[in-house]
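Dear colleague,

Please find the structure below, followed by a short account of what was found in it.

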Amino acid sequence: MNAANWSTAVSGLRIAKHVVVFSGAGMSAESGIPTFRDADGFWQRFPPEKFATWSGLWKTALTDPHSVADFVLNVVDPIARAEANPGHRAVAALERRAKTTVVTQNVDGLHQTAGSTDVLEVHGSLLEVIDSVTAHVVQRIDRSQWTQIAEALRKYAGKQSSLVSLLAELRKHYPLDWLGRHRPNLVLFGDAMAEPAWTKACEVVDQCDLFISVGTSGEVYPAAMLPDQAAEAGAMVITVDPQASGDCPLRGNAGIVLPKLIDDAFGEHR
Ligand code: APR
């Protein structure tokens, strides 16, 4: 770790009044949830043109329902089994030291599980069901329900059950409706960002004095514009990622770097 960047980050954190933690898939990698663009990432295994839009998913479901069941299984199973990692807990602990807002692209709910109370989920949440017409959240689905749904998907993806029995099983745990109005509160490519989370995220980024970007490749807009927006608003920008670059890069895994950073800044034991 570059010592100069480290001490800049530690002193920046010590004096920060309002911190924004901007997280991506790398934040949850140590919780066993694959990222999207790393070597073993989702989009390497599931081509985005077939699986990253609702229209693509419907089309694929009509021609190859088993592959959609396999994709959904690979999305929900790791999230259903996941626990918050030391990185999530360090971010939650930061709230005791400075006003902290989490702006996350992740849909796994692990920041809240770790205890963060001000979390803006700009790509939605897998733990919420929305009515796709009104965009209102109609129900919450917890991890244990997703575990049961994953079991049903595993059987179907493995061709051990029929589509009818899969849908019957899904309806036990998920408010499926035949019009397809109820669906996971997920922002896929081509969708508008989740509101009011996105509007609030843009506001807090203009107000913060420290912006910590954690585990995001910065390839997906509009979220990827936030670090530059924070810098233009005068905030210090720290980047935590094994491939980190930028003004103050801290190269390493979130679950190791963040606890140490908070420890060095505040002598806080998590
Ligand atoms: N700690 C910190 N960073 C990590 C770790 C780790 N343990 N492991 C991997 N990373 C980094 C990678 O180096 C990479 O920069 O996390 C980043 C993951 O990048 P992506 O897979 O592109 O994920 P993300 O940036 O969150 O994707 C943005 O794209 O597919 C859509 O909607 C999806 O929200 C997602 C958006």
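In what follows, Ala, Val, Leu, Ile, Met, Phe, Trp, Tyr, Cys and Pro count as nonpolar, Asp, Glu, Lys and Arg as charged, and the others, Gly among them, as polar. This is a predicted model, in which local features need pLDDT of at least 70 and side-chain atom pairs count only at pLDDT 80 or more, while totals for chains, interfaces and linings use all residues. Residues are numbered from 1 along each chain as its sequence is written, and side-chain values use heavy atoms, with hydrogens and water left out.

Helices (H or I, at least four residues) and strands (E, at least two) are DSSP runs, numbered from the N terminus. Six strands form an open sheet in the order β3-β2-β1-β7-β8-β9, with parallel pairing; two strands pair if DSSP finds at least two bridges between them. At the edges are β3 (119–121) and β9 (248–250), each of which pairs on one side only. Between β2 (residues 99–104) and β3 there are 3 bridges, and Thr104 stands opposite Glu121 in β3.

The second largest pocket holds about 420 Å³ of space. A pocket is an open set of points on a 1 Å grid over the protein atoms alone, where a 1.4 Å probe fits, with protein on both sides within 12 Å along at least five of seven lines; lining residues have an atom within 4 Å of a point. Its volume is the space filled by probe spheres set on the points, which are joined across faces, edges and corners. The lining of this pocket comprises 12 nonpolar, 3 polar and 6 charged residues.

Yours sincerely
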